[in-house]
Structures are given as C-alpha cells and as structure tokens.
Amino acid sequence: ALDKVLENFRILSGFYGNRNLESYIKNGLTRFAKINSNEFEDEIANILLKNKINYERCVIIDGKKKDFNVDFLVKHNNRNIALEVFSYNYLKKKSGIKSKVCIVDHRFQALKQKYPGLLTMMCIKIKGKPILYDYVRKYLEMELLNTDYILINNYKEILPRILNVTTQTR
C-alpha cells in the first residue's frame, strides 16, 4: 500500500527524474519536528546551550531497519548521545505514560543494534499528583532495558553533569 501511495505522489507531483523522494520525505519530517517543538524541548535546549554542550535538534538517525527521529543528538569527543524529552501534565490515565516510555525505549533498542556505542537518555517532566511521579519512577525501574539514563523532574541539575561526564570519560 505504501508503494502505491508513493507512486501516486510521484505521478501527481511530477516527481520523476533525478530527485530523491526519500531525501525529500526525510527533510520534510525534520522540518515538521522543528516546527512543532514544545516548551519543554526549548527548556532542554537552553540548558544545553548554557552549559556549552554541542547538540543537534530533531535529528533523524539511520537505524538498522528504519530511520528514527530523536529530539536531541549530542556529539562530543566522538561520543553520541540520543536524548528524548517529553512531559506529562495532570494525567488521569497511566497507560499513556507506559506506552510512550516503552515506544522510546524500543526505538533506542533499534538504534543500539546499529550503533552499539550510542548512549541513550530520556528526560521526563511530570506535573501533577506525587503518586503519578512515584508510579512512573517505579515502572521505569522495572521495565526499561535500553535506556542508559532516565531523568524524571531532576533534569536541570543532573543533565549537564551527566553529559559532561559521559562525553569526557567514555
């Protein structure tokens, strides 16, 4: 079905010749991700800038079987760190948190298959009831396998320290 949609797109848009459709799609996805940045991503970007940590934002990384978009890619001293950031505000259902965290962790697994030296990190901001924070923390301790660092609500103090240590000593 995807091939048929792409073929129709090529025909309707006159997209034949020397143009590379995949590069246009990748470019479009990258630009779309940058347009829809949120307040929490901007906060993380400011922390990185303030601490003079080099990064790229909204990067598509070629995985083993398919490409994955990450919020930040920190490159320093030949070390790459993929960073995903997301927040939850006063959620009533816990299942949304579980599914998001599992999806990101699974994406990290797929990236580590191709890049075994890649460090992975999640920054999660939780607003609301303290029980929600406790639930997420306990769930993450039990379930995550492929994420090297998980920061929940303590990213301001710990993120620069972790990035500076990991990029200098490993």
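From the N terminus on, the elements run α-α-α-β-β-β-α-β-α-β-α. That comes to 6 helices and 5 strands. Both are DSSP runs numbered from the N terminus: helices are H or I with at least four residues, strands are E with at least two. This is a predicted model, in which local features need pLDDT of at least 70 and side-chain atom pairs count only at pLDDT 80 or more, while totals for chains, interfaces and linings use all residues. Residues are numbered from 1 along each chain as its sequence is written, and side-chain values use heavy atoms, with hydrogens and water left out.

Start with the whole chain. Of its 170 residues, 39% are buried. Buried means under 20% relative accessible area, exposed means over 50%, and partly exposed lies in between (1.4 Å probe, protein chains only). The chain exposes about 10,900 Å², and carbon and sulfur atoms supply 51% of that area. Accessible areas come from the Shrake-Rupley method with a 1.4 Å probe; for residues, only the protein chains shown count as cover.

Now the rings. The structure holds 2 aromatic pairs. Rings of Phe, Tyr and Trp (its six-membered ring) pair if their centres lie within 6.5 Å; planes under 30 degrees apart count as stacked, over 60 as edge-to-face and the rest as tilted. Phe40 and Tyr155 have ring centres 5.0 Å apart and planes at 75°, so they are edge-to-face. Phe40 belongs to helix α3 (residues 39-50) and Tyr155 to helix α6 (residues 155-169), so the pair ties together parts 115 residues apart in sequence. Phe40 is buried at 5% relative accessible area. Tyr155 is buried too, at 4%.

Tyr55 and Phe72 form another edge-to-face pair, 5.5 Å centre to centre with 65° between the planes. Tyr55 lies in strand β1 (residues 55-62) and Phe72 in strand β2 (residues 67-76), so this pair links parts 17 residues apart in sequence. Tyr55 is partly exposed, at 25%. Phe72 is buried, at 0%.

Next comes strand β3 (residues 79-89). Here 8 of the 11 residues are buried, so the strand counts as mostly covered. Strands β3 and β4 (residues 119-127) run parallel, joined by 9 bridges. Two strands pair if DSSP finds at least two bridges between them. Tyr88 has Ile126 in β4 as its bridge partner.

The charged end of Lys100 sits over the ring of Phe86, 5.1 Å from its centre. The test asks for NZ of Lys or CZ of Arg within 6 Å of the ring centre and within 35 degrees of the ring normal.
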